[in-house]
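Here is a short briefing for a reader new to this structure. Take a look at the model first.

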Amino acid sequence: MFHHARRSRGPRPATVRRRRAATGLTALAAIALAGCSLAGGGGDDGGADPSADGGGVVRVVTHDSFSLSEDLITAFEADSGYTLEFSAPGDGGALVNQLILTKDSPLGDVAFGVDNSFASRAIDAEVFEPYTPADLPGSAEQYLADDAGSLTPIDVGDVCLNVDHTWFTEHGIAEPATLEDLLAPEYRGLTVVPNPATSSPGLAFLLATVGAFGEDGWVDYWADLSANGLKVVQGWSDAYSVDFSGSTGAGAYPIVLSYSTSPAFEVAEGADSAPTGALLDTCFRQVEYAGVLAGAENPEGARAFIDFLLTEAVQADIPGQMYVYPVDDRVELPESWTTFAPLAPEPFEVAPEDIAANRDAWIQTWTDTVIG
Amino acid sequence: MSGRVKDTGNTVVRTRGRAGMARRRSAVAWVVAGAIPLAFLAVFFAWPVATLVARGFTTDGALDLSGFAEVFARPRTWRIIRLTLVQALLGTALAVLLGLPGAYLLYRRTFRGRALVRAFVTVPFVLPTVVVGVAFRSLLTEGGPLGFLHLDGTFTAIVLALVFFNYTVVVRTVGGLWERLDPRTEQAARALGAPPWRAFLTVTLPALTPAIVSAASVVFLFCATAFGVVMVLGGTRYGTIETEIWIQTTQFLDLRTAAVLSVVQLVVVGVSLALFSRARARRERALDLQGRPADEQTAQRLRLWNRGRPGGDLLPTVVTCAVVIVLLALPLGNLLVRSLRTPDGWSLGNYTALGTAGGDNALTVTVWEAAANSLRIAVDATVLAVVMGTLVALVVSRRPRNPLGRRAVWWLDAVFMLPLGVSAVTVGFGFLITLNHPPLDLRSSAVLIPIAQAVVAIPLVVRTVLPVLRAIDPHLREAAGVLGAAPWRVLLTVDGPFLIRSLGLAIGFAFAVSLGEFGATSFLSRPDRPTLPVVIFRLIGRPGPENYGMALAASVVLAVLTATIMGVAERLRREGTGEF
């Protein structure tokens, strides 16, 4: 201990200076880096200042899968005079819950990305101010979430079981086609799905079974499915990328829950057939909505943004950007979609009010049945 | 006192008066130093969290605690609490047991490539859990390289992954103290005839205990509040309080249940912290610390064999090799190998794709831009965390004379550990409902991201710096004071050099935490300025082999980035050491 005392008293001139220089340099470097960060961050509130020539800022709250071509957004801003500002505070259910929580002081002016399994919860909480665009396509009307027009349908997509064609050919087993088929012994231990409590496609598939087997039958179906070696994982990416045999993960399960569009992404360059396919008799249709947030600072701009989402240009941009179908059926689809990613002719349906009333209880029952 | 003024000489009184004033002034300075980080924590942590939890306990404006009875009546609640505790205890015990030989080997022995191994073991700590989940699961799943072990979706897999993440915390925290222990004490014991194991048990281990307890408390908190890894690896069978809070808040908006569980989590965390703190305080004492790492003075080469017989270094080496190869390198190697796999065979295609926005425009920015965002945010978060954390550590390392001061210091220490024990979703949702009016209208501001990350990093900075400061012999400070040094001068000359040495590590940790943080960031992130983990999460959530390959390549980039920064931080520490 003595040497400490000696040391702390002893050396001054050279070493202290050296140490100070080192500390100084470190501090300087840190400040320089921080300065760099502040410079880089300077632009992030650039849009907050209402521009002189337009209607100010429109704050769009969306989920983290939102995407549109940059030039469309630029054109909208130039034409309308609005400046768009996006925030993406989560996905699916998390987004809706945040909108409800912040109802008294909304996160933005307009929300995009609320889907039909959660829409009712948001409508019941009076998060949205009704708005029906003048140009609402005829094909969109069937998807309206309520009569008041709280939400505007923008795009649709089907959640379906996918199968690995290659696996079934190699093993000489016929592919399943329906939900009931999965209960057959030859499909034992071949199916993987995400958990409805933690995954939005997982919840959609639960709803598909409710639509298929009714209030009284779906629980038994899951019990049988579970007994037939069903594998449940946490999220879609887990199921599709790790466990599915037909994706890059090359897992052990040839039947997976995914989207009707997924096979289009597995087509090798120049090939004319997809190695995987969607079972179109097992689907539930997800509808994504946009809505003006009640208490928005710029409701005008919010409505203009919703109109913008329904323009032909944006509707045509949606498949390539967000992997879902435009709600407007007059819009031409990419060729690979019509070949490899058709929508289901008759997806299973559950009335929105039934979803609203039972969703949480269904998830609870599902958990008790399948997880135990 | 005034009565004695006349009796004693004038000079004495003046000095006493001045000393008293100086002491009072320095006490005020310490209070201020503690108040700054405390205010930061109150605004950016306590207030948002308390507000959200309070919502869960309010029905129509009145306090309603019936949620407790309801939640505790469910068997699921008890199962989850039990699982949380068991998993955290096992994870911590294993991390400490395996980490001690690692700390010895990497900080007490020299061998070629040591710096590389040191940097390498840090990588898991900062990898986003989504990536680790995939890395582990693709190893363990049926048909995977380790599929024959049938570990997929098991409790064992979760515990192993927790060790994977936290191994480095033990190695670094314990190693940092170990390399400065004066080897002569142990040598003396050996000279007096104690066998090596006995010298270790009676001399070295007790000296290391504060650092071990310190590391264990951090690891325990990390394990008890683990989220992503439990979600992904636990299949659906195993949940923790943390995952349950996430589900109840983001999926069901059942704030009542979430609030009850948050309180339960706080109790679990609070009790364990109190236990750890007591264990630490009992063991803590001044240590014979070396100015420089021991190996610089008496370079101890790694010697596996001693005259043809297994030497004392053999066991730690074998254990560490096993951990590093099987537990760390295998999943990481798997990640690396897969990142080189493209639809057209082996190539660097996934890495060249990082300059694009992904297949079918999966992203709004390129991965490199996201990496730049991450780095910028990390600089801000690190500066914040290190400044606040150092202030806390300095204040907490004092030993005030009056009991009130001592208690205040104890509370300050405990309170700053809490961010590790509160769910990111609670903090994230809390931000949304509190920071929504001027002057703190920050919800959509990018400033909130580094702040949220700093809140998580501060406890690590404190735990890194504090053991070193606490190990300073208080007599040193007293002696300096008696010799006439002003309090600021004592701080500068006695604490300063120790502080600077531990700061490199603290900076590295803070940077790493910020780079890898996903939970709170994902709620605050803006699509035009995403961070690297957010981008990885997004890529992995998209179909198509290009996106998946890019996600893996981006994870490798994140891993390399972090390892480099930790390596530089370590070097910084060396240079800052100097002679004293």
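Predicted model: local features only at pLDDT ≥ 70, side-chain atom pairs only at ≥ 80, totals over all residues.

Residues are numbered from 1 along each chain as its sequence is written, chains are lettered from A and ligands numbered from 1 in the order in which they are written, and side-chain values use heavy atoms, with hydrogens and water left out.

**A residue of chain A**
- Ser120(A) sits in helix H5 (residues 119-124) of chain A; helices are DSSP runs of H or I with at least four residues, strands are runs of E with at least two, and both are numbered from the N terminus.
- Ser120(A) is buried, at 11% relative accessibility (buried is under 20% relative accessible area, exposed over 50%, partly exposed in between, with a 1.4 Å probe and protein chains only).
- The C-alpha atoms of Ser120(A) and Glu353(A) are 7.1 Å apart, although 233 residues separate them along the chain.

**Salt bridges**
- The whole structure has 17 salt bridges over all chains (a side-chain nitrogen of Lys or Arg within 4 Å of a carboxyl oxygen of Asp or Glu).
- Glu129(A) pairs with Arg303(A) in a salt bridge, with closest N and O atoms 3.6 Å apart.
- Glu129(A) is in strand S4 (residues 128-129) and Arg303(A) in helix H9 (residues 299-309) of chain A, so the pair ties together parts 174 residues apart in sequence.
- Arg463(B) and Asp413(B) form a salt bridge at 3.2 Å, N to O.
- Arg463(B) is buried at 4%, and Asp413(B) is buried at 5%.

**Largest pocket**
- The largest pocket is lined by 36 residues (on a 1 Å grid over the protein atoms alone, a pocket is an open set of points where a 1.4 Å probe fits, with protein on both sides within 12 Å along at least five of seven lines; lining residues have an atom within 4 Å of a point).
- H2(B) gives the largest share of that lining, 12 residues.
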